[in-house]
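Subject: Structure handover

Hello,

The structure is below for you to look through. My notes on what was found in it follow.

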Amino acid sequence: MNIGNQFLSIFLFFSICLGEDYDLDDKTGLGRSFDGIGGLSGGGATSRLLVNYAEPYRSQILDYLFKPKFGASLQILKVEIGGDAQTTDGTEPSHMHYGDDANYFRGYEWWLMKEAKKRNPNITLIGLPWAFPGWVGNGENWPYSFPDITASYVVSWILGAKQYHDLDIDYVGIWNERSFNCKYIKLLRYTLDKSGLERVKIIASDNLWEPITSVVIADKELQEAVEILGVHYPGTNTVPKALKTGKKLWSSEDYSTFNDDVGGGCWARILNQNYVNGKMTATISWNLVSSYYGELPFGRDGLMTAKEPWSGNYVVESPIWITAHTTQFTEPGWKYLQTVGHFTHGGSYVALTDERGNLTIITETMTHDHSVCIRPPLPPYDVTAQNVTFHLKGTFASIGELQVWHSKFDFKTNKTVLFQNIKPIKVTEGSFSIELDVDEVYTFTTVRNGQRGSYPDPPPSAPFPKSYKDDFDVSGNPYFSEAPNFADQTGVFEYFTNLTDPGPHASTLRQVVTQRPVTWAADADQTISVIGDYQWKDLMVSCDIYMESVHTGGVFIAVRVNKGGGVVRSTRGVFLWVYADGTYKVTNDLNGMTVLAEGLSGTRARVWYTLTLTVKGNYASADLNGYPLWKNTVLWEPRHGWAAIGTSSFELAQFDNFAIEALT
């Protein structure tokens, strides 16, 4: 080694060993107000299976999410205002399927908001429509051609939340997957005010920083209408114009990453750096809890996983405890210090105060490869072990001791430690030092009541039951409009009580969407709801069906259904269709283009029939009312998938006495 390299090595050695100094001081003023960390239920149907958990497991999951000083202690809950449309992993029902319809008890978001409020009365509630029922667009796939109708529709949901559930919605977002509409935003503000909802603020535009930032700067009326500039997946960065608006800046949808330890590292990095780099004062995770079939798009992209209500199993994933590093030691309304930033050798730190003497410092040293989020791309950077010294100045100079909470992601030996309360650290003459390794998160705080909450282990994971029946008796599931474990992928299937028929089909499951919704996703032309084990190969499905559309009606039952979510249009499987014109067919796809068999069935509308579909190996057969329609049709792909029910178009149809017998 030459002399120059020796001196360089010595310099680097002493730089790291001697460490770096960082001042935490409020004498020069404070930074922005902290607005909270939250989770997003919806966009779409991401909490679908949560409601079907039995107690005590359902309450335990909710405690890990919302209970203060226990788990994630979330401070914000954002929910989808259901629009009857596919919005990523399923559809959520609208409170107004039709213009003259109103029902504020559909779906599960009302229930979820009430459960969150029950645990944390101060939690911030946000509603955002990802899609709209077709009547709102008046035949167009666009919600803003008649902005007064759209504004009234959204405001009715906010009013219903209060009237029927005593829920005060704090913010409403603007649907903006393609473009936003200035006229609509202003009209929404006007409609809110006219309805006595001045306290409800608007977040815009739930997409990118531009063009909303430039338009807000140029348009004074719009500037007054919008309270928060909210963006999706900002990569921890903002734009100068956004800062110049003086508006609060939020990452109103972020994360969307597989919730293993790399996902936990992603969450740790962006929670700090969204403020350090982008001055964003709230970060909301899509999604809240991964409570949908794991084979749907973006499986396990939640703060925790709860996708087996039939077994009771759930998993408290690392993002829960990374969230706790901030939420258990701060409250919305605390102020960031101006003295926050990046460590010299990689990583970041933030500090917050309640302005009454309390101080919370959160540090993260996540390495690049162990903190990659799903989007946007993460530029390369380096992090190394380092010794740092914090100097507490101003009103913090007299602090003598800080509580310490520690997480360490161990990607070599898998001995990860999450949210561990370790020995307090002494502050001597206003300073303390700490050795930071890579892939660590620390909280240093004057707050003393943090807790790593726990419950006994839930039941072990188990596959969906091989033998399953549902007669859709609403009395067995009185609080929710959807049948347990069914995951609607296009259309909405909800309980229906037939008051004119007290007979064997008095309570059924009914597909109720009769017009294509206004949506940014690719809803199928048919409606479909899936259920079961994606690995099922050989099985028998039976169901009573009732077509309500004379001449044009059509329904199906299916097995080996291989897709859902935003790619539902390309779903394949084995589909048995019967039609009100007296025909049937068997297809290998939801679109009905690949026909395996067809013929006469004698079926018509407004008559109940029992369909049975059996698949074993490469052969399929079907019965109608116990009589064979066809047998031994040859099929090759797909080899496994869910069971399903559905209709041939957006039409009314009923289902009853659904049963599955899985052979393999």
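Glycine 38 stands opposite isoleucine 76 in strand 4. This is a predicted model, in which local features need pLDDT of at least 70 and side-chain atom pairs count only at pLDDT 80 or more, while totals for chains, interfaces and linings use all residues. Residues are numbered from 1 along each chain as its sequence is written, and side-chain values use heavy atoms, with hydrogens and water left out.

Strand 3 (residues 36–41) and strand 4 (residues 76–80) run parallel and are joined by 4 bridges; two strands pair if DSSP finds at least two bridges between them. Strands (E, at least two residues) and helices (H or I, at least four) are DSSP runs numbered from the N terminus. In total, 8 strands close into a barrel with parallel pairing, in the order 3-4-5-6-7-8-9-10. On average, neighbouring strands of this sheet are turned by 25 degrees against each other, direction ignored. Axes here are lines fitted to C-alpha atoms, for helices over the stretch in contact, and angles run from 0 to 180 degrees between N-to-C directions.

Helix 10 (residues 261–276) lies across strand 3, strand 9 (248–255) and strand 10 (282–286), and runs at about 175 degrees to strand 9. Strand 10 holds isoleucine 284. Isoleucine 284 counts as buried because its relative accessibility is 1% (buried means under 20% relative accessible area, exposed over 50%, partly exposed in between, with a 1.4 Å probe and protein chains only). Leaving out residues up to four places away in sequence, isoleucine 284 touches several residues, including Gly38, Ile76 and Trp267; contact means heavy atoms within 4.5 Å.

Helix 11 (residues 318–327) has 10 of its 10 residues buried, so it is largely enclosed by the rest of the structure. Among these buried residues are Trp321 and His325. Trp321 also belongs to a cluster linked by ring pairs, together with Tyr64, Phe70, Tyr314, Phe329, Trp405, Phe419 and Tyr455. Rings of Phe, Tyr and Trp (its six-membered ring) pair if their centres lie within 6.5 Å; planes under 30 degrees apart count as stacked, over 60 as edge-to-face and the rest as tilted.

Finally, the domains. The protein chain is divided into domain 1 (36–306) and domain 2 (467–662), with bounds that come from an automatic or database domain assignment. The contact takes 39 residues from domain 1 and 35 residues from domain 2. The C-alpha centres of the two domains lie 32 Å apart.

Regards
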